[in-house]
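Hi everyone, thanks for coming.

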Amino acid sequence: MSTDNVVDTKRRRFLVNATSVVAAVGAGFVAVPFLSSWMPSERAKNAGAPVEVDISKLEVGRLLVVEWQSKPVWIIKRSDKTLADLAKNDENLSDPNSENIDQQPAYAQNHDRSIKPEVIILVGICTHLGCSPSFRPEIGPADLGADWLGGFFCPCHSSRFDLAGRVFQGVPAPTNLVVPPHMYVSDNVIVIGRDGEAV
Ligand code: FES
């Protein structure tokens, strides 16, 4: 993942000091510290236990990276505009309606691929050969083209995904990014790794 956009919490051993970091997106791309709540013990984390995340301080348009089962999990709050723009990608996607049921739980098999439309949660691993794509939320950057409405770009073999993790046609990645099992235990607290619906 591009270090311009994201500070990976894993490097800071965030579960030890209960501190995480979000990446700033949009204008400036300045990384901003973000204090979060982390409940599992180190031992539980290593066993792949569910991870509880407080997103109350996560700002719209920013990416929070957490670790679950040794994998990066991305959490992003999407704006109304971002949600409206998703439909513009549909005709260029391989699986716009998330018909491949292996890529998300049933409760995320919808157009937004999420329990709450404004919050998308994805496993940050490319479905081609497992690289971690870069978060590219900009609209129409020179290297991705005028039609780019924000999403994820895999630097390994140029696969592209939109801000619902849906893969574009004509790239090596065969499927949409995975939505991990997750549930809300309150408005702002998500458990990654456990199934459930919004509270
Ligand atoms: S690993 Fe992502 S495109 Fe190949």
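Before I point at anything, one cut-off to keep in your heads: when I say buried, I mean under 20% relative accessible area, exposed is over 50%, and partly exposed is in between. And please remember that what you're looking at is a predicted model.

Okay, let's talk salt bridges. How many salt bridges does the structure hold? There are 8 of them, and I'll show you a few.

Start in helix α3, which covers residues 80–89. Here the side chains of D85 and K81 come together in a salt bridge, at 2.6 Å from N to O. The two residues are 4 apart in that helix, so about one helical turn separates them. D85 has a relative accessible area of 5%, so we call it buried.

Next one: R166 and D90, whose side chains meet at 2.8 Å, N to O. Where do these two sit? R166 is in the loop between β9 (160–162) and β10 (182–186), while D90 is in the loop between α3 and β6 (119–123). That's 76 residues apart in sequence, so this pair ties together separate parts. Is R166 buried or exposed? Buried, with a relative accessible area of 0%. D90, on the other hand, comes out as partly exposed, at 21%.

K116 has 14% relative accessibility, which is under 20%, so K116 counts as buried. D187 is at 53%, and being over 50% makes it exposed.

Let's move on to strands. Three of them make an open sheet, in the order β3-β11-β10, with antiparallel pairing. At the edges we have β3 (51–54) and β10, and each of those pairs on one side only. On average, neighbouring strands here are turned by 30° against each other, ignoring direction. If you zoom in on β3 and β11, they pair in the antiparallel sense over 4 bridges. Look for E52 there: standing opposite is V191 in β11.

Definitions and conventions:
Residues are numbered from 1 along each chain as its sequence is written. This is a predicted model: local features need pLDDT of at least 70, side-chain atom pairs count only at pLDDT 80 or more; totals for chains, interfaces and linings use all residues. Side-chain values use heavy atoms; hydrogens and water are left out. A salt bridge is a side-chain nitrogen of Lys or Arg within 4 Å of a carboxyl oxygen of Asp or Glu. Buried means under 20% relative accessible area, exposed over 50%, partly exposed in between (1.4 Å probe, protein chains only). Two strands pair if DSSP finds at least two bridges between them. Axes are lines fitted to C-alpha atoms, for helices over the stretch in contact, and angles run from 0 to 180 degrees between N-to-C directions.
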